[in-house]
Amino acid sequence: IKHIGIFTSGGDSPGMNAALHGAAKAALANGMRISGVSRGYEGMIDGDFISLNEKDLQRTVHKGGTILKTARSDRFRKEEGRKAALKNLEKKGIDALIAIGGDGTFRGMLAFSELCTLPFIGIPGTIDNDLAGTDYTLGFDTAVNTAIENIDKIRDTAESHNRVFLVEVMGRDSGYIAIHSGLGTGADGILIPESSEDFNRLLEKIRHYHSQEELIVIVSEGDELGVGPVASKIREVNPSVDLRISILGHVQRGGHPSAFDRMLGIRLGVASVKALLEGQKNVMAGIVNNSLTLTPFEKVVKQHQVDAELQELLTLFYLK
Ligand code: ATP
């Protein structure tokens, strides 16, 4: 391999720039060139390449988002788009690709590999932490820290007024952000897509609530009820509740990556180049039990269920 192309795709997440730095460092140290592709598959189709300067990358490790920009691409879903992308890679002399993204991005690579024999390596980049093949995805730790910081602030004001707050956090169909940020802030309830039991218990608590203290309930965005209907139900069982809703939203996606995400990005960036050197293809680099692992793209499916230990914690804190 002489020339690696690297890109970010799908949703952005803090730590992506650190992964770029790790990969560039490892590529250059092994005598390879590395170029960035702007805006994921969209930029690949448009032939939008960015030369990566190792010194510049060193100075963006601390930055959230992705300096390469990211996008979703409908054109890449069609063979015509993938053919155009391949032509541009060939013109540029790129003979291997590293993608930082989610399972959709890796499915795209599998579709691409039907057209060509280039080796593809993936790095899990999503704040949702919902991918099989790694204990942590890039950006999850930062997102949880951001959520915690904001929920602590909400508690201050909730406490001053004895209010009930519903705080919606991100995570799509996975409750990882909700559980981590809820337990980490001493929340009074956590509603996640994986379990609806908690809601009835929470309603019981609300029914007997006499505004003697504040109450914080974390609602995962993927919770089947959703924050609006949860609020209506609460008002129904106890109309005297002074209820507020706070949707944390995209602040959870941005911000400087945490120390953990910076290191995770660097480790996975280096690991992806190492995987290419070992002749690997169509695998995602991940961290399992703090060791680097490679998982075939076919097995990197969305993992909706939070792991058993977290479920146990939820039961202990909210259902006992
Ligand atoms: P996130 O977890 O942030 O959503 P993702 O990588 O899962 O990230 P997607 O939008 O699902 O995000 O996928 C990224 C891009 O990968 C898509 O916009 C599309 O261009 C490409 N892609 C996904 N699935 C396929 C497929 N089956 N065939 C071809 N391309 C695909």
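Leaving out residues within four places in sequence, Asp-261 is in contact with Pro-14, Gly-15, Ala-18, Leu-138, Gly-139, Asp-141 and Thr-142. Keep in mind that this is a predicted model.

**Asp-261 up close**

- Asp-261 counts as buried because it has 28 C-beta neighbours inside 10 Å, and the cut-off for buried is 20 or more.

**Where H1 meets H10**

- On the H1 side, the contact includes Met-16, Ala-18, Ala-19, Leu-20, His-21 and Gly-22.
- On the H10 side, Asp-261 is one of the contributors, and others include Arg-262, Gly-265, Leu-268, Gly-269 and Val-273.
- By type, the residues of this contact come out as 11 nonpolar, 5 polar and 5 charged.

**Around the ligand**

- The ligand is surrounded by 17 residues, and the closest are Gly-10, Gly-11, Gly-102, Gly-104 and Gly-108.
- Helix H5 (residues 103-112) gives the largest share of this shell, with 6 residues.
- The shell splits into 3 nonpolar, 10 polar and 4 charged residues.

**The nonpolar core**

- In soluble globular proteins, nonpolar side chains tend to be buried together.
- Here the largest nonpolar core holds 84 residues, and the members that touch the most others are Ala-19, Ala-23, Val-167, Ile-177, Ile-190 and Val-217.
- Ala-19 also belongs to the H1 side of the helix contact; beyond its neighbours within four places in sequence, Ala-19 is in contact with Ile-100, Ile-123, Leu-138, Gly-265, Leu-268 and Gly-269.

**Two loop residues with positive phi**

- Asn-129 has a phi near 55° and lies in the loop between strand S5 (120-124) and helix H6 (140-161).
- Asn-129 is buried, since 24 other C-beta atoms lie within 10 Å.
- Arg-172 has a phi near 45° and lies in the loop between strand S6 (164-169) and helix H7 (176-184).
- Arg-172 is partly exposed, with 18 other C-beta atoms within 10 Å.

- Val-251 is in the loop between strand S9 (243-247) and H10.
- Because Val-251 has 13 C-beta neighbours inside 10 Å, Val-251 counts as partly exposed.
- Setting aside residues up to four places away in sequence, Val-251 touches Thr-146 and Asn-150.
- Asn-150 is 101 residues from Val-251 along the chain, with 9.4 Å between their C-alpha atoms.

- Leu-292 is part of strand S11 (residues 291-296).
- With 16 C-beta neighbours inside 10 Å, Leu-292 is partly exposed.
- Outside the four places on either side in sequence, Leu-292 is in contact with Arg-267, Ala-271, Ala-285 and Ile-287.
- Arg-267, which is also one of the H10 residues in the contact with H1, is 25 residues from Leu-292 in sequence and 8.2 Å away, C-alpha to C-alpha.

Key. Residues are numbered from 1 along each chain as its sequence is written. This is a predicted model: local features need pLDDT of at least 70, side-chain atom pairs count only at pLDDT 80 or more; totals for chains, interfaces and linings use all residues. Two residues are in contact if their C-beta atoms, placed from the backbone, lie within 7 Å. Helices (H or I, at least four residues) and strands (E, at least two) are DSSP runs, numbered from the N terminus. Ala, Val, Leu, Ile, Met, Phe, Trp, Tyr, Cys and Pro count as nonpolar, Asp, Glu, Lys and Arg as charged, and the others, Gly among them, as polar. A residue is near a molecule or strand if its C-beta atom, placed from the backbone, lies within 6 Å of it. A nonpolar core is a set of buried Ala, Val, Leu, Ile, Met, Phe, Trp, Tyr and Cys residues joined through C-beta atoms within 7 Å. A residue is buried if 20 or more other C-beta atoms lie within 10 Å of its own, exposed if 12 or fewer, and partly exposed in between; C-beta atoms are placed from the backbone.
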